[in-house]
Amino acid sequence: QTFAANNASSSYHSLQVFVEKRFSGGISALFSYTKSKLISDALSIGGGGSATGLGDFRIGAYNRRLEKAIDQDYVSQRLVTSGVLELPFGRGRKFGSTIPKVVDAFVGGWQFNGIATIQTGLPLLVRGSNNFTGINYPDLVANPSIATDNRSANRWFNIDAFRNPANFVIGNAPRTLPSTRAPGLVDVSFSVFKTWRIKERIRLESRVEMFNALNSVNLNGPDTNFSPNAAGVNTNANFGRIFGALDARRMQLGLRITF
């Protein structure tokens, strides 16, 4: 699929696999996998903004095709699975349909829900120069990616791969780094529901919900501001480092009465 907006062009290609088991017998499940590629030459800003490529085109106003690169919002792979399981125990169910109400209060009416999301990180945009051009692109002189075993929050990518361009020369770094990405996402969340029948028309539902149940460390993106001084030496000590993450494991309890 190819589309254009705000005088900018984009191309999007994707492979999607979708498998669903509709709810029956107390079970439903959904599996969705997407592998895609999104290429653009500008960034469209909502709320009345324009496609300005973060305001730092090299000569994009004259030839935007020169800025064609992997889009900054491109997620190359994403897997989402979810499911619902109602246990077949208790009054009115497959097993134990005639058990006493006291026993049913403990073993009947249980429901388990879960959802898992795994996706790759976003491409990185590195900016910074001090060479009298007013165009904020550095030179890329080496592979900015670091092997997974050597990568950490203190050094997420190879900061030595960037150099201040020569005076009055436009930097050659791409608009986005094609293979160097921010951290991905792994999130598994689930909930447990229990329903009590107080009277024929009155039900009490209790729930326990757990978000990021595996307590995965989902790091934010690294600092990508290359800040060379007049001598071309980077002065940003945080360049390539990560200082935050998404929420850790969270739990919440709830009660709801329906009548």
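This report describes the fold, the core, the aromatic rings and a few individual residues of one protein model.

## Basis of the description

The model is a predicted one, in which local features need pLDDT of at least 70 and side-chain atom pairs count only at pLDDT 80 or more, while totals for chains, interfaces and linings use all residues. Residues are numbered from 1 along each chain as its sequence is written, and side-chain values use heavy atoms, with hydrogens and water left out.

## Overall fold and surface

The protein contains 1 helix and 11 strands, which follow one another along the sequence in the pattern β-β-β-β-β-α-β-β-β-β-β-β. Here helices (H or I, at least four residues) and strands (E, at least two) are DSSP runs, numbered from the N terminus.

Of the 259 residues in the protein, 34% are buried, where buried means under 20% relative accessible area, exposed over 50%, and partly exposed in between (1.4 Å probe, protein chains only). The accessible surface comes to about 15,600 Å², and 57% of that surface belongs to carbon and sulfur atoms; the areas come from the Shrake-Rupley method with a 1.4 Å probe, and for residues only the protein chains shown count as cover. Among contacts between residues at least 6 apart in sequence, 68% join residues at least 24 apart, a contact being heavy atoms within 4.5 Å.

## The largest nonpolar core

The largest nonpolar core has 11 residues in all, including Leu124, Val126, Trp156, Phe157, Phe162, Phe226 and Phe239. Such a core is a set of buried Ala, Val, Leu, Ile, Met, Phe, Trp, Tyr and Cys residues joined through side-chain atoms within 4.5 Å.

Phe157 is buried because its relative accessible area is 0%. Leaving aside neighbours within four places in sequence, Phe157 is in contact with residues including Leu124, Val126, Pro144, Ile146, Phe162 and Phe239. Phe162 also counts as buried, at 6% relative accessibility.

## Aromatic rings

A search of the whole structure finds 5 aromatic pairs. Rings of Phe, Tyr and Trp (its six-membered ring) pair if their centres lie within 6.5 Å, and planes under 30 degrees apart count as stacked, over 60 as edge-to-face and the rest as tilted. The rings of Phe132 and Phe168 have their centres 5.5 Å apart and their planes at 25°, so this pair is stacked. The pair links distant parts of the chain, 36 residues apart, with Phe132 in the loop between β6 and β7 and Phe168 in the loop between β8 (162–163) and β9 (185–199). Phe168 is exposed, at a relative accessible area of 64%.

Phe157 and Phe162 form an edge-to-face pair, at 6.1 Å centre to centre and 80° between the planes, and ring pairs link Phe157, Phe162, Phe226 and Phe239 into a cluster.

## Individual residues

Most residues other than glycine have a negative phi. Phe132, although not a glycine, has a positive phi of about 70°, and Phe132 is exposed, with a relative accessible area of 61%. Asn212, in the loop between β10 and β11 (250–258), has a positive phi of about 50° and is buried, with a relative accessible area of 2%.

Ser206 lies in strand β10 (residues 202–211) and counts as buried at 16% relative accessibility. Apart from neighbours within four places in sequence, Ser206 is in contact with Val192, Phe193, Lys194, Trp196, Gly254 and Leu255.
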